[in-house]
Amino acid sequence: TKTSTPRESNELTTQLFSSTSYSAGDLVVKGGVDFMKVDVDNQFFQNNAGRFQFGTYGAANAWARGTLDVAAAGNAGTITYSGAVSPYKGRIEMWTRTASLFAQAQYSGLVSKRLVLTAGLRATTQSFSDNPLPNPNFKGLDQAQSANALDPRFGFSFDVDGRGKTVIRGGLGSFTSPTPCAYQYVPSNA
């Protein structure tokens, strides 16, 4: 759809990730931290250049050609204009910060070293800027239900014939994703 309204979201993501591993025989233990900061300058608003509304399609067509005679058209020639107004100057600046700690243990000494078991845990906390204007389409969802998450994971791999040609893999876990910055909006009319 062609539109004359600017739509942009400038996002700056800064991430610091560090991990370390320790091995002792068939056991490998890994742990680390993950810090992420996302700053967003959001400009996604409708009709920021104003909006014309016409009583009929014919009136809109006549207006576009410059031939609309409002007096002769009566109600069919009604034109409504809503100017673009935003209390936030068309932008919302927001941020989110996420901090995670994770640990994982992998043991490969079972069934003649053909069975590998992996278990892990990730703890995450997220913080948000104040929501200056919640999006009514996401009422009640404009903040995460909880800013903290604890995600356990378990996995396995089994080498069926011991030659690495046929391997069965599986796992189960909880995977939490940070709340996206789509829950805020900029209105076109105040």
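Is Val 111 buried, exposed or partly exposed? I looked this up to start my notebook, and Val 111 is partly exposed, with a relative accessible area of 45%. My cut-offs are these: buried means under 20% relative accessible area, exposed over 50%, and partly exposed in between (1.4 Å probe, protein chains only).

**Ground rules.** I am working with a predicted model, where local features need pLDDT of at least 70 and side-chain atom pairs count only at pLDDT 80 or more, while totals for chains, interfaces and linings use all residues. Residues are numbered from 1 along each chain as its sequence is written, and side-chain values use heavy atoms, with hydrogens and water left out.

**Overview.** I found two helices and eight strands in the chain. Helices (H or I, at least four residues) and strands (E, at least two) are DSSP runs, numbered from the N terminus. From that end, the order reads β-β-β-α-α-β-β-β-β-β. The chain has 190 residues, and 23% of them are buried.

Next I followed strand β5 (residues 92–110) into strand β6 (residues 115–128); the two pair in the antiparallel sense over 13 bridges. Two strands pair if DSSP finds at least two bridges between them.

**Salt bridges.** Which residue meets Lys 113 in a salt bridge? I found Asp 26, at 2.8 Å, N to O. A salt bridge is a side-chain nitrogen of Lys or Arg within 4 Å of a carboxyl oxygen of Asp or Glu. Side chains of opposite charge can pair when their charged atoms come close. Asp 26 sits in the loop between β1 and β2, 87 residues apart from Lys 113. Lys 113 itself is exposed, at 54% relative accessibility.

My search of the whole structure gave five salt bridges. Another of them joins Asp 34 and Arg 122 at 3.0 Å, N to O. That pair links strand β2 to strand β6 across 88 residues, and both Asp 34 and Arg 122 are buried. I also noted Asp 39 with Lys 37, at 3.5 Å, N to O. Salt bridges that share partners join Lys 37, Asp 39 and Arg 97 into one network.

**Aromatic rings.** How many aromatic pairs does a search of the whole structure find? It finds one. Phe 17 and Phe 102 are stacked, 5.6 Å centre to centre with 15° between the planes. Rings of Phe, Tyr and Trp (its six-membered ring) pair if their centres lie within 6.5 Å; planes under 30 degrees apart count as stacked, over 60 as edge-to-face and the rest as tilted. Phe 17 is partly exposed at 47%, whereas Phe 102 counts as buried at 15%.

Leu 27 is found in strand β2.
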